Structures are given as C-alpha cells and as structure tokens.
Amino acid sequence: AMLISRFRLSRRDLEAFCTDLLDVPAPSLGTTQAFANEAAAALLPAYRQVRRAVRRSKHAGVDETGWKLRDKSRWIWTAATPRATLYHLGRSRSKRDLHRLVGHGYSGIVTSDRWRTYKVCAHRQLCWAHLQRNLEGLALRGAHLRRLASAQMW
C-alpha cells in the first residue's frame with residue numbers, strides 16, 4: 001500500500017518492483033487492490049481523529065496548491081494547526097473544497113493568502129509572509145512607496 005500511495009507506483013510498476021528487484025512473485029492486481037483497501041480501512045480512524053482535531057482548533061493555517069493529474073487540474077488543500085495537519089485532495093480552489101477541509105461553519109481563525117475563496121471564513125487573518133512580500137514589492141516602485149513600505153516593515 002505504501003509503494004502505491006506514498007511512492008506513487010502504478011499497480012504494473014509494483015509488479016515489476018516485486019519481480020525484478022525483490023525476485024518474488026508479484027501479487028495479482030486484485031490482491032494489490034485488496035491490500036490498498038485494507039490499509040485505507042486501518043488508517044481511517046487516525047484520519048478521522050486528525051480531521052476532528054483540525055476542525056475543533058482555534059486556529060488553522062490554510063493553503064492550496066495546484067498540480068496536474070492525468071491532464072486534469074487538481075488541488076491539495078492543507079490545514080495546519082499546532083496539533084495536527086489535515087490534507088484534502090480537491091478538484092478546485094472553491095469554497096466547496098475549503099469546507100470539505102475545515103468543515104462548514106469553522107469557528108477558528110483561518111490564516112491564508114488573499115485568494116477570494118477564503119472570504120467565506122468568519123474569522124480570517126492574512127498570512128504575514130504574503131503581507132511582507134507585498135510591502136517589499138511596493139518598495140521597488142519608487143522612493144515615496146519605499147518609505148511607506150519600510151515604515152510598515154518590522
């Protein structure tokens with residue numbers, strides 16, 4: 001299961017790994033899927049515990065990053081708290097996927113960038129790193145803005 005999920009081997013590559021490198025008979029594709037299902041079932045209680053901890057937290061740093069999967073856009077959403085980090089694989093950067101990550105009606109403070117989806121959060125704080133980059137960008141636009149930006153930097 002780890003070779004498939006963590007190391008992203010296809011079922012066929014797993015078969016080649018077993019036979020070519022380990023010199024052992026490869027499990028059938030059905031057996032491989034059964035192993036993956038068994039691992040997922042074993043991890044489900046831990047996943048639910050992490051999800052519950054994140055959704056009950058007073059604060060979560062939330063972000064999303066896009067990538068392509070089979071020529072389709074996908075997004076990995078992350079909610080990081082002092083106790084746990086939760087991931088959600090989504091199809092978009094929409095509030096639907098945000099709610100799937102932190103839940104509807106999340107009452108904690110969400111720290112995020114300025115992406116419009118985060119406007120639905122009841123309590124929101126802009127990421128300090130993003131604000132600092134914005135001020136640094138202002139400083140590059142001339143003396144007046146440089147003075148303004150430097151007065152705001154800590």
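## Helix 2 and helix 3

Contact here means heavy atoms within 4.5 Å. In this predicted model, Arg11, Arg12 and Leu14 of helix 2 are in contact with Leu29, Thr32, Gln33 and Ala36 of helix 3. Helix 2 covers residues 11–21 and helix 3 covers residues 29–56.

Two packed helices are described by the angle between their axes and by the distance between those axes. For helix 2 and helix 3, the axes come within 10 Å and cross at roughly 105 degrees. Angles of 65 to 115 degrees count as roughly perpendicular, and helix 2 and helix 3 are therefore roughly perpendicular to each other.

## The loop at Val24 and a nonpolar patch

Val24 sits in the loop between helix 2 and helix 3. Its relative accessibility is 36%, so Val24 counts as partly exposed. Together with Leu21 and Leu22, Val24 makes a nonpolar surface patch of about 270 Å².

## The salt bridge

The structure holds 1 salt bridge. The side chains of Arg93 and Glu64 form this contact, with an N to O distance of 2.6 Å. Arg93 belongs to the loop between strand 3 (85–90) and helix 4, while Glu64 belongs to strand 1 (residues 59–69), so the pair ties together parts that are 29 residues apart in sequence.

Arg93 has a relative accessibility of 23% and counts as partly exposed. Glu64 has a relative accessibility of 6% and counts as buried, because buried means under 20% relative accessible area.

## Gly103

Gly103 lies in the loop between helix 4 (95–102) and strand 4 (109–112). With a relative accessible area of 9%, Gly103 is buried.

Leaving aside residues up to four places away in sequence, Gly103 touches Arg55 and Leu98.

## Trp128

Trp128 is part of helix 5, which comprises residues 128–139. The relative accessible area of Trp128 is 52%, and this residue is exposed, because exposed means over 50%.

Along the chain, Trp128 and Pro82 are 46 residues apart, and a separation of 17 Å is found between their C-alpha atoms.

Conventions:
Residues are numbered from 1 along each chain as its sequence is written. This is a predicted model: local features need pLDDT of at least 70, side-chain atom pairs count only at pLDDT 80 or more; totals for chains, interfaces and linings use all residues. Side-chain values use heavy atoms; hydrogens and water are left out. Patches are made of residues with over 30% relative accessible area and no salt bridge: like charges are joined within 9 Å, nonpolar side chains (Val, Leu, Ile, Met, Phe, Trp, Tyr) within 5 Å. Accessible areas come from the Shrake-Rupley method with a 1.4 Å probe; for residues, only the protein chains shown count as cover. A salt bridge is a side-chain nitrogen of Lys or Arg within 4 Å of a carboxyl oxygen of Asp or Glu. Helices (H or I, at least four residues) and strands (E, at least two) are DSSP runs, numbered from the N terminus. Buried means under 20% relative accessible area, exposed over 50%, partly exposed in between (1.4 Å probe, protein chains only). Axes are lines fitted to C-alpha atoms, for helices over the stretch in contact, and angles run from 0 to 180 degrees between N-to-C directions. Angles under 35 degrees count as roughly parallel, over 145 as roughly antiparallel, 65 to 115 as roughly perpendicular and the rest as oblique.
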